[in-house]
Amino acid sequence: MQRSGASPLVLVADDEPSMLELVSRHLKTMDNPKVEVIEASDGEQAWKLAREHLPDLVVLDVMMPGMSGWEVCRKIREDVALAHTGVVMLTGIGENLNQMTSPLYGADAYIDKPFEFHELDEKVKSALSARASQREGVARPPINGSGVSAHEAMRSRQDAVTAPAPKPKRKPAKAKAKKKAVKAKAAPKRATKKAARRPKKTAKPRKRAK
């Protein structure tokens, strides 16, 4: 499943249901590019979905219960399987604080609440464009698929590349013992045939005493 030509996948994470629905609904209407959207209601779910689906972009609210948006962003940046994933931080902590902290965790961009939709569009398109080359060849399963996740599949391919070559199989001990038994059984027959070819010695008659 090649990502080339497919619609970018965007993960939106926010613990406020109204904001999550608002942002997700708007992104689904965005053109050039058209994007697919999946949602997470907290940091733990966002990290889980990121590992399962390898999204092209994550729009993260910072202040979420449990795992914060900054922590999710840090984990994404540390995972080689998510090197192609852009991150846009979405928060109301203030522009100055956002400007100082977001880059420290590896975010590509940030937006301070409240915001205009055209500003969100610009940030999303810019982040997707910046990592377009890194998305080439990255595969992901269907959003509603099952079985091995994309993250696990990629890890498996990486392990297969670095795995040592398999050692040649040794013959079982039973097979070796059987082979020796066959040789031992055949040996007396060869000895018998060899003895049969030798001429038999005849006893000389003893001289009678005069």
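This is a predicted model: local features need pLDDT of at least 70, side-chain atom pairs count only at pLDDT 80 or more; totals for chains, interfaces and linings use all residues.
Local features are given where pLDDT is at least 70 and side-chain atom pairs where it is 80 or more, while totals for chains, interfaces and linings use all residues. Residues are numbered from 1 along each chain as its sequence is written, and side-chain values use heavy atoms, with hydrogens and water left out.

Five strands form an open, parallel sheet in the order β2-β1-β3-β4-β5; strands (E, at least two residues) and helices (H or I, at least four) are DSSP runs numbered from the N terminus, and two strands pair if DSSP finds at least two bridges between them. At the edges lie β2 (36-40) and β5 (109-112), each pairing on one side only. From one strand to the next, the twist averages 20°, with angles running from 0 to 180 degrees between N-to-C directions of axes fitted to C-alpha atoms, for helices over the stretch in contact. Helix α1 (residues 17-28) packs on this sheet and touches β1 (9-13), β2, β3 (57-61) and β4, where contact means heavy atoms within 4.5 Å. The direction of α1 makes about 170° with that of β2. Helix α5 (residues 117-130) also packs on the sheet, touching β3, β4 and β5, and its direction makes about 170° with that of β5.

Next come the cores. A nonpolar core is a set of buried Ala, Val, Leu, Ile, Met, Phe, Trp, Tyr and Cys residues joined through side-chain atoms within 4.5 Å; buried means under 20% relative accessible area, exposed over 50%, and partly exposed in between (1.4 Å probe, protein chains only). The largest core has 26 residues, of which L11, A46, L60, I76, V87 and M89 touch the most other members. At least two residues of this core come from each of β1, β2, α2 (43-53), β3, α3 (69-78) and β4. Apart from it lies another core of 20 residues, including V10, L57, V59 and F115.

Finally, the model holds 10 salt bridges, each a side-chain nitrogen of Lys or Arg within 4 Å of a carboxyl oxygen of Asp or Glu. In one of them, K48 meets E52 at 2.6 Å, N to O; the two are about one helical turn apart because 4 residues separate them in helix α2. R74 bridges to E71 at 2.3 Å and to E78 at 2.8 Å. R74 is partly exposed at 27% relative accessibility, whereas E78 is exposed at 57%. D14, D61 and K113 are linked in a salt-bridge network.
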